[in-house]
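Q: Could you walk me through this structure, as I have not looked at it before?
A: Gladly; here it is.

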Amino acid sequence: MKRSVVAGCGAYLPERIVTNDELAKRIETSDEWIAQRTGIRQRHIAADGELTSDLAIAASRRALEKAGYNGADMDIIVLATATPDNTFPATATKVQAALGMNGGAAFDIQAVCTGFIYALAMADNMIRLGQANRALVIGAEVFSRILDWDDRGTCVLFGDGAGAVVLEAAEGGERGVLSTHLFSDGRNYESLYVDGGPGSTGTAGFLRMAGKEVYRHAVVRMAESVDLALDANGLGHDDLNWLVPHQANLRIIESTGKKLHLPMEKVIVTVDRQANTSAATIPLALAEACDDGRIVKGQLVALTAMGGGFTWGSALVRW
Ligand code: UT7
C-alpha cells in the first residue's frame, strides 16, 4: 500500500512582532482582555510589501532543506491560502518558479483556517493514486491585510506566517498519512467571511466574524473529526502522542483536548506567540514541534482545524 510520509517541515514568521500592549495603544483593548479570552500575547505582522508568496517561499525552502530535497524534486505544490498575492494566477505558481521547480503542477486551495488539512488531503490522495511522488504542502497567510484594524473584536486575533511540509511516497510500512476527513457546511457562510475580493496586496475587503458562533462550532467539530479519524483507523485517544489543532483561541484548544481526553502536555500550542495565522497555524506548529524534538518518527499525530465556510476536518499521521 502506498502512503505519503512526512519528509520535512519548515516555518517562516515575519520579523515584526506586535504585542497586545502595542495594540492597546491604538484601539480600546488590553493585554488582560486578549490574554484571558484567547491566550494570545503577540502576533507577527508582515512588512510593507511582504506578500503571502514571500512567506510561503521562505517556509518551503526550510522544509525542503530538512527533507534533503530541492524544489525541482517536487511533483506538486499545493498551497493553502485565503490571502493570495493576486486574484490569479495561483500563488503556488509564484512559489514554484522561485524554488526552481520547472515541471509538475502547482495550485492553491481555499478553505480558510482548514486550508492546510484540505491541501494535505489533496496531496496525499495524489500520492496514493500515483499522480505524484513528492509534494510540497504549504499554508501561508497575510491576514493583517484583510483585518479591519478598527474592529477590536477581530483585529486582535490574527497574525501572519507560513509553514510547509514535504511529503514523499513510501511503499508499505506503518508511517505516513493514515487518513484525512474533510467537511463543510455552507449554511454558515456569513458567520465568518471577508466582505470583499481576495489579495494580500491590500485591495481586499475586511474579515467579519460572529465570534461566539464560530467558537461553539470549533470545539464540537474539531473533536468530532479527530474521533472520526481514530475510529476509521481502529485507534483510540490513548494511542495519540500529539494533537496539533488549529490555533485560534487557547480556550478552544483546551476544550478540544478535554473532549478527546488528552492532557495539555500532548497538545501543541503556538497561539500565545503567533495568534491565528489561518491556514498556516498547523504547519507552523508542526515545524516548531519537530525542530524542538517533541514530534519524532513513529508517533501518532492528529491534526484538526475549523474555519470559514464553515469548513473543518482532520488528518491522522504516523510520523
Ligand atoms: O479560525 C477560526 C476563526 N476564529 C475563531 O475561532 C474565533 C472564535 N471566537 C472566539 O475566539 C471568541 O468568541 C472571541 C475571542 C472572538 C470573543 O470572545 P467572547 O468571550 O465571545 O467575547 P464577546 O465577543 O462576547 O465580547 C465580550 C465583550 C463585549 O463587550 P460587552 O458587549 O460585553 O460590553 C465586547 O465588546 O468584550 C468586548 N470585546 C473586547 N474588549 C476588549 C470584544 N473584543 C474586545 C477586545 N478588547 N479586543
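A: We can go through the domains, the ligand and then some backbone details.

Q: Before that, what kind of model is it, and how are residues numbered?
A: This is a predicted model, in which local features need pLDDT of at least 70 and side-chain atom pairs count only at pLDDT 80 or more, while totals for chains, interfaces and linings use all residues. Residues are numbered from 1 along each chain as its sequence is written, and side-chain values use heavy atoms, with hydrogens and water left out.

Q: Ok, which domains does the protein have?
A: The assignment gives domain 1, covering 2-171, and domain 2, covering 176-318; such bounds come from an automatic or database domain assignment. The C-alpha centres of domain 1 and domain 2 are 14 Å apart.

Q: And how many residues are in contact between them?
A: On the side of domain 1 there are 61 residues in contact with 55 residues of domain 2, where contact means heavy atoms within 4.5 Å.

Q: What area is buried there?
A: About 4200 Å² is buried between domain 1 and domain 2, and carbon and sulfur atoms give 65% of that area; buried area here is the accessible area (1.4 Å probe) that two parts lose on being put together, summed over both. Cys113, Ile117 and Ile146 supply 15% of the area that domain 1 buries against domain 2, which is more than any other three residues.

Q: How many salt bridges are there between the domains?
A: There are two salt bridges between domain 1 and domain 2, a salt bridge being a side-chain nitrogen of Lys or Arg within 4 Å of a carboxyl oxygen of Asp or Glu. Elsewhere in the list of pairs, Asp291 forms a salt bridge with Lys66, with the closest N and O atoms 3.3 Å apart.

Q: Switching to the ligand, which residues are closest?
A: The ligand is surrounded by 23 residues, of which the closest are Thr29, Arg37, Lys212, His246 and Asn249; a residue counts as near if one of its heavy atoms lies within 4 Å. An oxygen atom of the ligand is 2.6 Å from an N or O atom in the side chain of Lys212, and an oxygen atom of the ligand is 2.8 Å from an N or O atom in the side chain of His246. A nitrogen atom of the ligand is 2.9 Å from a polar backbone atom of Arg152.

Q: And where is His217?
A: His217 is in helix H7, residues 211-232, and its side chain reaches the backbone oxygen of Glu213 at 3.2 Å. Not counting residues up to four places away in sequence, His217 touches Asn188, Met306 and Phe310.

Q: Which peptide bond at Phe310 is cis?
A: The cis bond joins Gly309 and Phe310, with omega about -10°, and Phe310 is in the loop between strand E12 (300-307) and strand E13 (311-318).

Terms used. Polar contact = N/O pair within 3.5 Å; in protein donor to acceptor, adjacent residues only side chain to side chain. Helix = DSSP H or I, 4+ residues; strand = E, 2+ residues; numbered from the N terminus.
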